[in-house]
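Have the structure open as you read.

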Amino acid sequence: MVIMRPLAVLRHDLPASLVVFLVAVPLSLGIALASGAPVAAGLVAAVVGGVVAGALGGSALQVSGPAAGLTVVMAETITTFGWAVTCAITVAAGACQILLGLSRIARAALAISPAIVHGMLAGIGVTIVLGQLHVVLGGKAQSSAVENVAELPGQLVAHHDSAAVIGLLTIAILLVWPKLPSAVRKVPGPLAAIAVATVVSVVFGMTLPRVELPGDLLNIRLVPQLPDGGWGGFALAVVTIALIASVESLLSAVAVDKMHTGRRANLDRELVGQGAANMVSGALGGLPVTGVIVRSSTNVTAGARSRASAVLHGVWVLLFVVLLAGLIQSIPLAALAGLLVHVGAKLVNPGHIKTVLAHGDLPVYLLTLAGVVVFDLLTGVLAGIGLALVLMLRRTLWSGIHVDREGDAWRVVVEGVLTFLSVPRLSKVLGTIPAGVPVRLELVVDYLDHAAFESLTTWQQAHERAGGTVDVDEVGHPWFGEGKAGRPTRSRVHASRAVPRWLAPWSEWQATEGIPTQQTRNGATEFHRRAAPLLKDTLSGLADGQRPRTLFITCGDSRIVPNLITTSGPGDLFTIRNIGNLVPAGQADPSMNASIEYAVGVLGVEEIVVCGHSGCGAMAALADGPPPGPLSVWLRHAEPSAHRLGSATLEGAVPEREGDRLALHNVLQQLDHLREYPSVAAAEAAGKLQLTGMYFAVGTAQVHLFDAAERTFRPAGAPVAVPGA
C-alpha cells in the first residue's frame, strides 16, 4: 500500500517525476532498439517499472525501467527464442525474483565483488558502443561484439549519409550539455539531444529510419508464449535474467541509499517489487525491468521525497505514449543510437577502474569485461566470479616466508596461514639453510594444517640430527607446539586468543625465552624485531621534541601500564610514577614540583590524570601503618587521604577492602593538591587544563573515571563530568 502526503507530493515528488519522465522516454526507446525488441516494449517496461516496482519495491526513491545492463543478454535471448517466448522468460524471471525476495536472501547478492559488477557494466557498455556505432554511421549492428570490431574499420571509411550526421550531432550535444549554464541544464541532456536531432532531421527533410510503433498501443494482448522445446536453454535464460536484474536492482538500491538521508531500502521487498514488475511487463509485451541508477539518481537530485515520484513518472510515460505517439515516430533511429553510444561509454567508468586497481582487483574487472565482450554476459560474470574466488583463496591462504642470516645463526619467519599450499615454498626456503647451524624459527601464523606441521617437524628433526639447533618461537596461539604435544588445534575457532607480544611484552611470554635475568634483553630483542619497524616513522617525527597532551600521574606498581590502559603511544603521555601516585601538598617535593611545572608551563599539556588502582601496596600500608623507614616518610604525604571526609564510591558502591577505599579517596585528594599549584590553578581557571581522576581495577582490567556530578567513579565510556565543574 502506498501512503502519500498530498502536500509533499505536490511540492517535491510531482516536479521530480516530470524530470525523471523526460530522462526515461528516450532511454527506454534506445534500450529497446539496442535489445532488438519492439520499440513499444521499452515504453511498456518504463510504465510498469514506474508504477508496479515503484509502488511495491523496498527502495522508496529508486526508479525502475528497462536497463542498459540487460541489452546484451536480451538481444541474445530474442535471437534464440523469438519475442513471444522471451516475454514468457521475463515473466518466469519475475517469479524467480519474488521467490528470492520471499526467501530473504537478497543481501547475499551483495557478496558479489564490486569489481565483477563494474566489469560487467563496462563490458555491456563496450558491447553497446561497438554495436550502435554502426547504426550511428549509417550501417547495421552485427550479431556479436567481435564481428562489430571486425566490420568497424570498413564502416568508418564507407560513405556516410544523413544518419551519421544525426547520430554524431546527438553525441556532440550530450558531450557539450554538462558544460552549458545551469539554467540550460535544467532540461535533461538526453531529452535535449533527441529533440534537437529530431527537429533537424525533420526541418531538413532527411530520409532515414525512424521509430515504428504499433497502430493501437492501447490494444494490449497477452504476448508470452512457452517454447516447443529446448527447456534447458529456456531455464538458463530465466535464471540469467533473474540474477542479472536482481543484482543490478539491489546494487542500484544500495547506491541510492548513499545519496539521501531518509529510510534505508528493504532489499528483500525490493526484489519482490522488481519480480512483480517483471511478471506484469513480460505479460504485457515489455522488456525486463530493473532498478536504474541513472533515473534513480536523477530522481534524488530532483528532490523526490517518496515513492510517489517513481509511480507518477510511469503515469507520465503512459500518457505521453498514448497522446504523442506520432511525435515518437518522428525520432530517427540514428539519434537513439547516438544516445546509446553515450550511455555505453559512460558505463566504462574511469573512477571504477582506479578503485578496483587500488584494491588489487583489476584482473577480475578486466576478465569480466573481456568475457562479456568476447563471449556473453553470463560467461563474463562467471569467469569474474571464478577469478575472484581464486584470488580470495590466494589471499586467505597466503604465507609470508623469508629467511635472514644473523651472524652464524639463521632466522626464518613464517607469517599468515600455513597450509599444504605453502609447503613447496616452505621446503624450498628451509632447504637453503646450511646443516649444523643454529636456527630460530618464528611462526606468526593464523592457522597451521597437518601437512605444514609434518613438513616443519620432518625438517626440524633432520636439521637437529645433522648437529644444528632449532629454536621454535610461536607468536600467538601455539599451533606447532600443540601439534607436538599430541593435541593439534584443528581450526581457528578452537585456537586460544593470544595478546600480541608487541602489545604486551611482559614476563608471561618472556619467561619462556630464557632465565628471568635475561627478560630485559629478550624483550629489547623482540622490540627491535617486531615493534621498532612499526614505530620508526612515528618516533622519527618525535626525534626533535615532544608535545604530549596529557600529564599522567600514577603508581609505580608494575601492573599499571599507562600507555596500555589508555591506548596511547609514543609522545602521548608525560608520565610521573611514584609510590601511591602522590602529589605532595604545598609543593613539598622538588622533583614533583619541577615535573608538574614543566608539563603545564613548558609542554602545555591539556589534561592531568591521577590514576590509582586496586590492590595498591602503598594504600594497604597506609591503612595498616607503614613500617619505619623511607616508606613511612614518603607516605606522610598520603595522610590527608586517610583523613578525607565523606565516602568515595566505585559505581555507587563502597569497596570492601580498606586499601581500595583509600585508593579512591587518594585520587581525589591528589587532585585537590594539584589545584594548589599556581600554574595548574591558572590553566584550569582559563579552561586550558582538565583534571581527571582515574581508578584501574586490576582484577577486571576495568578503567573507571571520576564523575563529578554523581560523585562516583564510573566505567570508562559512560558520560563523565569534568571534575571541579
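The chain's accessible surface comes to about 34,700 Å², and 62% of that belongs to carbon and sulfur atoms. Areas here come from the Shrake-Rupley method with a 1.4 Å probe, and for residues only the protein chains shown count as cover. Keep in mind that this is a predicted model, where local features need pLDDT of at least 70, side-chain atom pairs count only at pLDDT 80 or more, and totals for chains, interfaces and linings use all residues. Residues are numbered from 1 along each chain as its sequence is written, and side-chain values use heavy atoms, with hydrogens and water left out.

**Overall build**

The chain has 29 helices and 13 strands (DSSP runs numbered from the N terminus: H or I of at least four residues for helices, E of at least two for strands). Its radius of gyration is 37 Å, well over the 27 Å that the globule rule gives for 725 residues, so the chain is more spread out than a compact globule. That radius is taken over C-alpha atoms, and the rule is 2.2 Å times the number of residues to the power 0.38. Along the principal axes, the C-alpha trace spans about 115 × 75 × 45 Å.

Buried residues make up 48% of the 725 (buried means under 20% relative accessible area, exposed over 50%, partly exposed in between, with a 1.4 Å probe and protein chains only). Of the contacts between residues at least 6 apart in sequence, 73% join residues at least 24 apart; a contact means heavy atoms within 4.5 Å.

**A greasy patch and a buried glutamine**

Helix H12 (residues 308-323) gives the most, with five residues. Val51 comes from helix H2 (residues 39-56) and is partly exposed at 31%.

Which residues does glutamine 97 touch? Not counting residues up to four places away in sequence, its partners are Ala242, Ala245, Ser246, Leu271, Val272, Gln274, Gly275 and Asn278. Glutamine 97 is in helix H4 (residues 83-102) and is buried, with a relative accessible area of 0%.

**One side of H25**

Helix H25 (residues 617-624) has Ala618, Met619, Ala621 and Leu622 as its buried residues. They cover an arc of only 160 degrees around the axis, which puts them on the same side of H25; the arc is that of the directions from the helix axis to the C-beta atoms. Their cover includes helices H26 (630-634), H27 (639-642) and H28 (658-674). After H25 comes glycine 625, with a positive phi near 95 degrees.

**Salt bridges**

The whole structure holds 13 salt bridges, each a side-chain nitrogen of Lys or Arg within 4 Å of a carboxyl oxygen of Asp or Glu. Here are some of them.

| Pair | Closest N and O atoms |
|---|---|
| Asp404 and Arg411 | 3.5 Å |
| Arg549 and Glu606 | 2.9 Å |
| Arg559 and Asp557 | 2.8 Å |

Arg549 sits in the loop between helix H22 (519-540) and strand E7 (550-555), and Glu606 in the loop between helix H24 (590-602) and strand E9 (607-613), so the pair ties together parts that are 57 residues apart in sequence. Arg549 is exposed at 55%, while Glu606 is partly exposed at 41%. In the other pairs, Arg411 is buried at 10% and Asp557 is buried at 15%. Salt bridges with shared partners also join Asp404, Arg411, Arg440, Glu442, Asp471 and Asp473 into one network.
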